[in-house]
Amino acid sequence: MLDSIVRKHLGDTFPACAACAYHHGEVVLHGAWGWIDPETKQIPVTRDTLFDLASVTKTFAATAFLAQVSAGRAGLDDPVIGVVPEFGGDSPRPIDGGQDPHSKERQPPDPTFAGQSVDVSRVTFRHLLTHTSGLPPWRDVYNAAGPAPLPPEQADPIAPAVRWKRAMEAIYGYPFVGQPDGRTVRYSDIGLMLLGEAAVRLSGADAMEALIGQTLGDFAPKPVYNPVRDHGIARERIAPTEDDPTWRKRRVWGEVHDENTCGAGGASSHAGLFATAETVAAFGQRWLEGASAFGITPQIWREATRQQVDDHDTRRGLGWALRGKVDSMAGELMSMNAFGHSGFTGTSLWIDPERALVVALLTNRVYPGRWHEGIDGGIHGFRRAAHDTIVEGVKS
């Protein structure tokens with residue numbers, strides 16, 4: 001049944017797809033469909049194809065941070081400036097409307113906050129993990145980090161560490177878009193980039209990739225950043241994403257789709273990881289089992305996977321989304337205890353403890369452009385239909 005759903009969307013919603021699911025600890029689904037090169041159809045997608053995980057990266061980065069909390073190096077309610085003091089260098093901070101991530105246009109400020117400013121010392125790690133910090137959802141960090149990098153087969157003249165430093169310096173000065181109230185969800189890439197900087201500092205690692213590798217331990221195969229440039233992986237093993245005619249002026253293939261991650265060196269805590277469906281599902285299975293393999297304590301696991309905030313059906317744990325009560329890309333059949341995350345490129349990971357079920361769905365739905373609605377559009381959206389079909393399949 002899943003095969004028919006995939007083929008309904010193949011070539012329209014996305015040209016490439018891979019899926020892997022665990023049920024009661026056993027792999028019950030592992031498939032791949034489509035083409036790396038949909039125009040010529042010479043390179044088929046396989047179960048070894050790497051996909052740009054986009055914001056599913058956040059779950060790996062949050063795991064790395066929560067491992068530091070579990071080790072006693074920081075507390076969830078500690079102020080961020082205690083680890084990243086530069087973040088508080090400009091405080092109080094003004095409130096504006098931020099930027100639209102698609103049009104890049106500045107947005108008008110919310111009149112609710114007219115005349116207000118933000119005491120940056122109030123922002124905690126829990127705020128960052130629940131997206132309730134009041135930080136902007138998006139800003140054009142990539143413009144602050146430097147010019148567009150060269151194609152991934154070529155050495156970039158600006159070192160990744162320099163790009164990341166420039167990106168963080170910009171983040172330390174951006175206005176907020178609201179107050180850090182712990183209740184209002186404003187899904188923020190900026191907040192997760194800041195969380196990643198804190199996690200690296202707490203761990204003593206030299207970069208985000210090193211920290212994630214350290215956290216995952218002997219987990220294999222690990223996800224990677226910059227698969228072509230840093231790991232020599234052939235493009236033919238990687239699902240390409242969107243054509244970028246304005247900034248990079250090329251089809252994005254073997255490098256991260258997200259502009260801010262690309263501009264900041266290709267390795268961030270909010271996007272940038274590439275992995276197979278098998279890797280993502282295996283990561284989810286370890287979370288289903290309690291995440292002790294990653295150094296997460298049972299107390300922190302419970303905090304991460306329980307409801308921290310419910311803002312108009314947007315339910316958040318710590319680093320995880322929780323299944324919505326009304327409309328969820330997890331579908332209608334997963335339990336209300338299900339937790340997961342999606343990525344803008346068309347990726348997702350959902351974990352349902354009640355059903356002992358883990359589902360990784362990876363696509364490159366931005367290949368024809370970022371506006372296609374087929375991935376989540378209504379009850380017939382691919383992710384909803386796929387999840388419901390998989391749940392029905394394991395019940396039978």
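Visitor: Why is strand S14 (residues 357–363) said to be largely enclosed by the rest of the structure?

Guide: Seven of its seven residues are buried, so S14 is largely enclosed by the rest of the structure. Buried means under 20% relative accessible area, exposed means over 50%, and partly exposed lies in between (1.4 Å probe, protein chains only). Strands are DSSP runs of E with at least two residues and helices are runs of H or I with at least four, numbered from the N terminus. This is a predicted model, in which local features need pLDDT of at least 70 and side-chain atom pairs count only at pLDDT 80 or more, while totals for chains, interfaces and linings use all residues. Residues are numbered from 1 along each chain as its sequence is written, and side-chain values use heavy atoms, with hydrogens and water left out.

Visitor: How do you know that both faces of S14 are covered?

Guide: On one side Leu357, Val359, Leu361 and Thr363 are buried, and on the other Val358, Ala360 and Leu362 are buried. In a regular strand the side chains alternate between the two faces of the sheet.

Visitor: What makes strand S1 (residues 16–23) a partner of S14?

Guide: Two strands pair if DSSP finds at least two bridges between them. Seven bridges join S1 to S14, and the two strands run antiparallel. Strand S13 (residues 347–352) is joined to S14 by six bridges, also in an antiparallel manner. Val359 in S14 stands opposite Ala21 and opposite Trp350. S13 and S14 form a hairpin with four residues between them, and Ala356 in that turn has a positive phi of about 50 degrees.

Visitor: Why is Lys249 counted as exposed?

Guide: Its relative accessibility is 62%, so Lys249 counts as exposed. Lys249 lies in the loop between strand S6 (243–244) and strand S7 (250–251), and its phi is near 60 degrees, a positive value in a residue other than glycine. Ala291 also has a positive phi, near 65 degrees, but Ala291 counts as buried because its relative accessibility is 1%.

Visitor: How do you know that the buried residues of helix H5 are on the same side?

Guide: The buried residues of H5 are Arg163, Trp164, Ala167, Met168, Ala170 and Ile171. They cover an arc of only 155 degrees around the axis, which puts them on the same side of H5; the arc is that of the directions from the helix axis to the C-beta atoms. On the other side, Ala161 and Lys165 are exposed. The buried residues pack against S4, helix H4 (141–145), helix H6 (189–203) and H9.

Visitor: What makes the reach of H5 close to the expected one?

Guide: The expected span of a helix is 1.5 Å times one less than its number of residues. H5 (residues 160–171) has 12 residues and reaches 17 Å from its first C-alpha to its last, close to the 16 Å expected.

Visitor: Why does Ser268 count as buried?

Guide: Ser268 has 0% relative accessibility, so it counts as buried. Ser268 is found in the loop between helix H9 (259–263) and strand S8 (274–275). Contact means heavy atoms within 4.5 Å, and, not counting residues up to four places away in sequence, Ser268 touches Thr57, Trp164, Met193, Met208, Tyr225 and Thr261.
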